[in-house]
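Please keep the sequence and the 3D view at hand.

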There are 2 protein chains.
Amino acid sequence: MRIGELSSRTGVSVRSLRYYEEQGILTSVRSAGGQRHYTEEHVDRVGFIRCLFAAGLSSRAVAELLPCADAPSDRTTGAALERMRNERDRLSDRIGELARARDRLDGLIAANEAYQSRTPSSRSRNSLRSTPPP
Amino acid sequence: MRIGELSSRTGVSVRSLRYYEEQGILTSVRSAGGQRHYTEEHVDRVGFIRCLFAAGLSSRAVAELLPCADAPSDRTTGAALERMRNERDRLSDRIGELARARDRLDGLIAANEAYQSRTPSSRSRNSLRSTPPP
DNA sequence: CTAGAACCTCACATCGGTGTCAGAGGCAAG
DNA sequence: CTTGCCTCTGACACCGATGTGAGGTTCTAG
């Protein structure tokens, strides 16, 4: 398939697909006229890239992981394996950060909901408190 | 305290603190000469901002949430409450994304570890497989 | 063969948060 | 008052992924 079809099937813009190739994380076979051609496998590859991108990995980081992703092989150096572990740990940390932020938001939401459910007459007095009284 | 101290106490650069003020998410009281002065509360405020930033919220999003964060009050409109819920849900979705990516990384790591722990003689044959044989 | 759709490369623009620099002014200790 | 540190504003630069547009080429249907 050509780049337009890969784009519509993955939901990734043509521009981005070309960028991925430029960054060395997506390959293509060129036709005689220079047009890119892809196979079904590239659809999966793009999905994988998007997954890692969504997780906040940079194209450089993805480029370093892909040799291992394609197939475990002797080229999968210990260093690459360590990079994968590092990224995974970084992801875990990040998930923790997000969870903390979500908890803080939950606290705010609860406080505001509690406030709003009180009777109007009880409201006007304590508009400076950040938590409801016990 | 002045901006330098707030910076060193929060670990946030002076430049960023000024930027936060410019974005309306951090306040300060100016001295006669125009210098910013802060109180202890601002230390917490900066921490809160950093938490939300770390979670991927934009300064605009933070600006919309802060009126509710300071204190539940009548200014906390239903719309603002809804925005908070939206952000929280967005965060939950994002956490899911990260978790998915982490699982994929874990799969890769496991596959590569399994590969590497095999005997050297069994390696050379299947370097094109993406999963170990059953 | 021809028209039109799809594709090519190259280059510049965008966004948000931050770094950095220049030139000027505030403030406290000596 | 001077010295030295801190702060002020304003401007420009950066990063990474993507958008956008120009100008030219390839492919495919009729």
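Predicted model: local features only at pLDDT ≥ 70, side-chain atom pairs only at ≥ 80, totals over all residues.

Q: How many helices and strands does the secondary structure of chain A have?

A: Helices (H or I, at least four residues) and strands (E, at least two) are DSSP runs, numbered from the N terminus. Chain A has 6 helices and 2 strands. Read from the N terminus, its elements follow the order α-α-β-β-α-α-α-α.

Q: What share of the residues in chain A is buried?

A: A residue is buried under 20% relative accessible area, exposed over 50%, and partly exposed in between (1.4 Å probe, protein chains only). Of the 134 residues in chain A, 37% are buried. The accessible areas come from the Shrake-Rupley method with a 1.4 Å probe, and for residues only the protein chains shown count as cover. For chain A the accessible surface is about 7600 Å², and carbon and sulfur atoms hold 48% of it.

Q: Which residues have the most contacts inside the largest nonpolar core?

A: A nonpolar core is a set of buried Ala, Val, Leu, Ile, Met, Phe, Trp, Tyr and Cys residues joined through side-chain atoms within 4.5 Å. The largest one here has 65 residues, and L17(A), L17(B) and L26(B) have the most contacts inside it.

Q: With which residues is L26(B) in contact, leaving aside its neighbours within four places in sequence?

A: Contact means heavy atoms within 4.5 Å. With those neighbours left aside, the partners of L26(B) include L6(B), L17(B), Y20(B), V46(B) and I49(B). R45(B) is also one of them.

Q: Is R45(B) buried or exposed?

A: R45(B) counts as buried because its relative accessibility is 19%. This residue is placed in helix α3 of chain B. Its side chain comes to 3.2 Å from the backbone oxygen of I25(B). Not counting residues up to four places away in sequence, R45(B) touches I25(B), L26(B), L66(B) and D70(B).

Q: Where is S59(A) found, and which residues does it touch?

A: S59(A) is found in helix α4 (residues 59–70) of chain A. With a relative accessible area of 13%, S59(A) is buried. Residues up to four places away in sequence aside, S59(A) touches Y19(A), Q23(A), I25(A) and F53(A).

Q: Which residues are the closest to DNA strand C?

A: A residue is near a strand if one of its heavy atoms lies within 4 Å of it. DNA strand C is surrounded by 21 residues, of which G4(A), S13(B), Y19(B), R50(B) and S59(B) are the closest. Of the atoms of DNA strand C that come within 4 Å of the protein, 74% belong to sugar and phosphate.

Q: How is the surface near DNA strand C divided by class?

A: Ala, Val, Leu, Ile, Met, Phe, Trp, Tyr, Cys and Pro count as nonpolar, Asp, Glu, Lys and Arg as charged, and the others, Gly among them, as polar. The surface near DNA strand C has 4 nonpolar, 10 polar and 7 charged residues. Helix α2(B) gives the largest share of this surface, 4 residues.

Q: Which residues are the closest to DNA strand D?

A: Among the 21 residues around DNA strand D, the closest are S13(A), Y19(A), R50(A), G4(B) and R36(B). Sugar and phosphate make up 76% of the atoms of DNA strand D that come within 4 Å of the protein. A polar side-chain atom of R15(A) is 3.1 Å from a base oxygen of DNA strand D.

Definitions and conventions: Residues numbered from 1 in each chain as written. Chains lettered and ligands numbered in written order. Heavy atoms only, no water. Polar contact = N/O pair within 3.5 Å; in protein donor to acceptor, adjacent residues only side chain to side chain.
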